[in-house]
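Biologist: Hi! Could you walk me through this one?

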Amino acid sequence: MDEQFRRNLDSQSHRLDDIESTLDALLAGHYDVASLPSAKSPVPQTYPEITTDNEQLRLTRGWLDVDLDAALTVEHRVLFDRWRAGTRITWGTEDLAAVAVAGLIGASATWLDHRVDRAVLGRFTELSKTKVFQRWDRAGKRLPIDYMGPGFGGKAHRVRSAGHDLFRIFESTGQIIDAEFRGTRWADHGKETVAVSGAFRGDIDTVADALSALFQHLAADFVTPMGLPMPGMSLLFEADNRELRKLVHQAYLGTEHDKGRNNGLNLRSALISAGLPVIATDVLIRLHIHARSGTTELDAAQRALRDELLLAAHSITTAASIGKTVARALCLEGDKKYAAVRHINVPALLRLAWLSASVVHNARSRTGTGAASWEELLEELNRPQSLSTAALLVEIAEQDAKGLHRPGWSMKA
């Protein structure tokens, strides 16, 4: 569906209008009408030949604008939309360039994710010094979810129990209302359940107050260097698998905690810092598609092309994140190799999964549009049609047989 195809449709519409207006004038007895363009060849024209004739005619007649709504009837418009929805737009050079640029930006940001996260953390550190966050920090003091007794303390204490895990918010709220810490730790003799009370705030007795205190506390912790653990990490830390617990602990702790810096896997690094290249990739591809189509309203085929380009660009970002994860795991020694998990770009993986499903759905939709194939269209063209022109010829033949033909008209003519 290029511009030339649109111009040909519009030209054919104008030519049919000329034929109909000429026939109407002749039937009304007006014989001083302009002659219609005659065929240059007795055999059917090829598409390039039709295009050349149409362009010459457009120049002669002054047909400057393309009006597809006038060129197609309502029925044909429906069929045309079905055909266009079932047509896949092939990639052009500019599409490949857009994917390359967006993928390069996403891959570069992913490969340098530690610098991106450091810049984001710098902004958050400034935010933590504001009066609002300092007030929230004070409001979250002496809560049971901050218990740091034996087996639950250290820099990674937020991943050792349910209190800071958004996936276990009901357990966190219950602990605040009960003013009791509850957790699970592993010792040489096995799994041990711990409950501690008596040292925490006891003035919170409603769910609303507990949620308010909890979210103020989590917001204040979110902007700190250690941040909040990924949802569900505390459940994995309680699992009956020592290697899995070591992986979760080291991934959250990172490899530079002894230097006062955190380069581990947390909610900030996994979603916000890693989400920036994903957002940038999406914006670039979407801008390219709208610039390519010249409109803000995309049809089904254009949306399908957009999803294909996004899938390719995000695949580059995801491949870069997996490559860095593997490279870091090979470079680190001991338990620190588990910290390489931090470089997996979670937003890119989620976006990739969504786009994969969308591309598959678009491909299935194209096969189910009910649009006619080229073979079916050719067969339809060769089938006798009941057209207004055919009816006119029948009428002339009947009048000829009765000797009632109009002057200048006959079946021979």
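Modeller: Happy to. Let's start with Ala 179, which is buried, at a relative accessible area of 14% (buried means under 20%, exposed over 50%, partly exposed in between, with a 1.4 Å probe and protein chains only). This is a predicted model, where local features need pLDDT of at least 70 and side-chain atom pairs count only at pLDDT 80 or more, while totals for chains, interfaces and linings use all residues. Residues are numbered from 1 along each chain as its sequence is written, and side-chain values use heavy atoms, with hydrogens and water left out.

Biologist: Where does Ala 179 lie?

Modeller: In the loop between α8 and β1 (helices are DSSP runs of H or I with at least four residues, strands are E runs of at least two, numbered from the N terminus). Ala 179 has a positive phi of about 55°, although it is not a glycine. Most residues other than glycine have a negative phi.

Biologist: And Arg 142, is that buried or exposed?

Modeller: Arg 142 is exposed, with a relative accessible area of 53%. Its phi is positive too, near 60°, and Arg 142 is found in the loop between α7 (131-139) and α8 (169-178).

Biologist: How do β1 and β2 run?

Modeller: Antiparallel: eight bridges join β1 (residues 180-187) to β2 (residues 190-197). Strands pair if DSSP finds at least two bridges between them. The two form a hairpin with two residues between them, and Phe 181 has Val 196 in β2 as its bridge partner.

Biologist: Switching to helices, at what angle do α12 and α13 pack?

Modeller: About 150°, with the axes of α12 (residues 267-293) and α13 (residues 300-331) 10 Å apart. Axes are lines fitted to C-alpha atoms, for helices over the stretch in contact, and angles run from 0 to 180 degrees between N-to-C directions.

Biologist: Last one: what is His 217 in contact with?

Modeller: Leaving aside neighbours within four places in sequence, Trp 136, Gly 140, Leu 143, Ile 145, Asp 146 and His 164 (contact means heavy atoms within 4.5 Å). His 217 sits in α9 (residues 207-222) and is buried, at 5% relative accessible area.
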